[in-house]
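Hi,

Here is the structure I said I would pass on.

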Amino acid sequence: MGEWHWAAVAPDTAAPHGFKVSFHARTFGTEQEARDHLQGYLDARSDTDGDCALAAERLRSLSGYAYRVNVHVPGKAWHVLDGEAELKRFVADLQGVVRPVAFRRPAPSAAAPPGRVKRRLADSSVFQETDVLPEAARAAEEHKLGRHQDTFVMPRFGAFKPKGAGNRVYGFEHGLIRHDEGAAPQVFRWDQIVKVLRSAVTHHFKNGRYTNTTFSYELTRSDGARTSIDGSCHDPQYKRHANPDSPGMRYARLGLRADERITRILLPDAMAALRRGESLTFGQIAISAAGVQGKKGLVPWSEITTAEARDGNVVINRAGKFWAVHNRPVLAISNVSLLLALVDICRRDA
């Protein structure tokens, strides 16, 4: 019997660090068994709990990344954890502020074999190679994706699994291809993406020392198909001698590049809609050519001073006011970069 668990994390003002961490009592032999059980748990509560319904949908859409199964909704999270790993994670609270949460180590399984080596996440959850498999190359040519830039492999951990085995993500000039094992390549052209859901790029620290940086971008195509770019890396700005061109850093830059390219593609139509007098909604933030809709009515663009993504939140400020017009979690807003670009243009025009 293995030592895989899943844990639920939720805000609780009475708990240390403001979070309550609950381990499921049962342990599982493999990560997949723990993930399947978590999926069943979330599905069973989807009819009565909106957070569970959203988490169940997100868990089902995740690719089969070995070692890392983390599902987040605003204010809550579910994690599949290896009992042999050091049980500490960073999660986001209702405002998206990342804080450390210490997990209490469950009692070790009596059936667990002695002497197993601890597995730790290295510089990245991906590694690079230069080849493009023939099936993916044909899909890239058919969809006119342009120049090939990177190939990333999601490694499968295990003594009998070769390093090269795993799902692949190919970065191209005009889009990306996700090629999961045993499945046909999925093409995501930048001009086919209608929604980008990104989390804050988060720098993690333990006892005051930098450990790693995590990032996440979820892309939704016009037909509803989704893919994600998420992982971890060592940022040279925080870690001396870290390689700025490591696979993890390049994978993070692929997510950033996708966000920027998609924003540039969506921007002209969004500006045209505003000039036609339409209102655009980003989560709970609504904007129009006249201004930003606040809790107490419309705030004209001439009174908006700043709009930025800061500490996991989108913050829009008004001149002469202490309280922000909006302070919303990044995770609750699709196309954050597009929103900030529109606000910047409208402010300048005003």
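Val315 sits across from Asn327 of E22, in the antiparallel pairing that joins strand E21 (residues 313-318) to E22 over 4 bridges. By "pair" I mean that DSSP finds at least two bridges between the strands. Helices (H or I, at least four residues) and strands (E, at least two) are DSSP runs numbered from the N terminus.

Before you go further: this is a predicted model, where local features need pLDDT of at least 70 and side-chain atom pairs count only at pLDDT 80 or more, while totals for chains, interfaces and linings use all residues. Residues are numbered from 1 along each chain as its sequence is written, and side-chain values use heavy atoms, with hydrogens and water left out.

Back to the sheet. E21 and E22 belong to an open, antiparallel sheet of 3 strands in the order E20-E21-E22. Its edges are E20 (304-310) and E22 (326-329), each pairing on one side only. Neighbouring strands are turned by 10° against each other on average, direction ignored. Helix H5 (residues 336-349) packs on this sheet and touches E20 and E21, with its direction at about 160° to that of E20. Angles here run from 0 to 180 degrees between N-to-C directions, and axes are lines fitted to C-alpha atoms, for helices over the stretch in contact. Contact means heavy atoms within 4.5 Å.

H5 also meets helix H4 (residues 247-275): their axes come within 9 Å and cross at roughly 50°. That makes H4 oblique to H5 (under 35 degrees is roughly parallel, over 145 roughly antiparallel, 65 to 115 roughly perpendicular, and the rest oblique). The crossing is right-handed, i.e. the near helix is turned clockwise from the far one by less than a right angle, anticlockwise being left-handed. Among the residues in this contact are Leu266 and Met271 of H4, and Leu342 and Ile345 of H5. By class there are 10 nonpolar, 2 polar and 3 charged residues (nonpolar: Ala, Val, Leu, Ile, Met, Phe, Trp, Tyr, Cys and Pro; charged: Asp, Glu, Lys and Arg; polar: the others, Gly among them).

Another helix pair is H1 (residues 31-44) with H2 (residues 50-61), packed at about 145° with axes 8 Å apart. Their crossing is left-handed. Arg35, Leu38, Gln39, Leu42 and Asp43 of H1 meet Cys52, Ala55, Ala56, Leu59 and Arg60 of H2.

Lastly, there's a hairpin: E10 and E11 have 6 residues between them, and Gly182 in the turn has a positive phi of about 80°.

Cheers
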